[in-house]
Amino acid sequence: MKERVDGMNEEKQKELEKITHLSADEAKDVLFKQIEANYEEDFLIRMQKMETSNAEKLDRRAKDIISASINRLASSTASEMMTTSVSIPSDEIKGKIIGKEGRNIRAFEKSSGVELIIDETPNAIIISSFDPSPPTSRSPRP
C-alpha cells in the first residue's frame with residue numbers, strides 16, 4: 001500500500017512538471033522570487049524595526065554596565081580625590097589645631113565644610129571633603 005502511495009506521488013510530481021515545464025527546484029525558485037517581490041517592502045520594514053530595537057537594547061545594556069561600574073568605583077575614587085594629607089611639624093601644633101575641648105577643630109570644620117581627621121599618625125592631619133551621604137536640601141560641601 002505504501003509503495004502504491006509513493007508511486008502515485010511520483011506520478012503526480014511528474015505530471016505537474018510536464019504541465020508547468022518546470023522541475024521541482026525551478027518551481028521552488030520561481031515561487032520564492034514571487035514571494036520576495038511581493039513582500040520585499042514588508043521584509044525591509046521588519047528588518048529596520050529589528051535593527052532599531054536591537055540598537056535600543058544595546059544602548060540600554062551599555063548604560064546599565066556603565067552605571068554599575070560607576071556605582072562600584074565612585075566612592076573609592078571620590079574618597080581618594082577628596083582627601084589631602086597635611087604635614088605638621090609637631091604634636092604641639094596638632095594640639096593647637098584641636099584646641100581646648102576640640103573647639104578650634106569644630107569651628108574650622110563648620111566654617112570650611114571639611115572634616116579634619118586627626119589620628120595617631122605622627123606629624124600629619126587628613127583633610128577630607130568627601131561626604132558619602134546622599135545629597136539633601138542643604139548646600140553641598142566644597
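User: Where does Tyr-39 lie?
Analyst: Tyr-39 is part of helix H2, which covers residues 24-81; helices here are DSSP runs of H or I with at least four residues, numbered from the N terminus. This is a predicted model, in which local features need pLDDT of at least 70, side-chain atom pairs count only at pLDDT 80 or more, and totals for chains, interfaces and linings use all residues. Residues are numbered from 1 along each chain as its sequence is written, and side-chain values use heavy atoms, with hydrogens and water left out.

User: Which residues form the nonpolar patch on the surface?
Analyst: Leu-31, Phe-32, Ile-35, Tyr-39 and Phe-43 form it, with about 490 Å² of accessible area together. Patches take residues with over 30% relative accessible area and no salt bridge, joining nonpolar side chains (Val, Leu, Ile, Met, Phe, Trp, Tyr) within 5 Å and like charges within 9 Å.

User: What about negative charge, which residues gather in a patch?
Analyst: Glu-3, Asp-6, Glu-10, Glu-11 and Glu-15 gather in a negative patch on the surface. Of these, Asp-6 sits in helix H1, residues 2-20, and counts as partly exposed because its relative accessibility is 37%.

User: Switching topic, how many salt bridges does the structure hold?
Analyst: The structure holds two salt bridges, each defined as a side-chain nitrogen of Lys or Arg within 4 Å of a carboxyl oxygen of Asp or Glu. In one of them the side chains of Lys-96 and Glu-92 meet at 3.8 Å, N to O; both residues lie in helix H3, four residues apart, about one turn of the helix, and both are exposed.

User: And which side chain meets Arg-103?
Analyst: The side chain of Glu-101 meets that of Arg-103 in a salt bridge at 3.6 Å, N to O. Glu-101 counts as exposed because its relative accessibility is 62%, while Arg-103, at 48%, counts as partly exposed.

User: Where is Glu-101 found, and what is its phi near?
Analyst: Glu-101 is found in the loop between helix H3 (91-98) and H4, and its phi is near 60°, a positive value in a residue other than glycine. Most residues other than glycine have a negative phi.

User: What does the side chain of Arg-106 reach?
Analyst: The side chain of Arg-106, a residue of helix H4 (residues 103-112), reaches the backbone oxygen of Glu-101 at 3.2 Å.

Methods. Areas by Shrake-Rupley, 256 points an atom, 1.4 Å probe, with all protein chains shown as cover. Lys, Arg positive; Asp, Glu negative; His and termini not counted. Charge placed at Lys NZ, Arg CZ, Asp CG, Glu CD. Helix = DSSP H or I, 4+ residues; strand = E, 2+ residues; numbered from the N terminus. Buried < 20%, exposed > 50% of the residue type's maximum accessible area, 1.4 Å probe, protein only. Polar contact = N/O pair within 3.5 Å; in protein donor to acceptor, adjacent residues only side chain to side chain.
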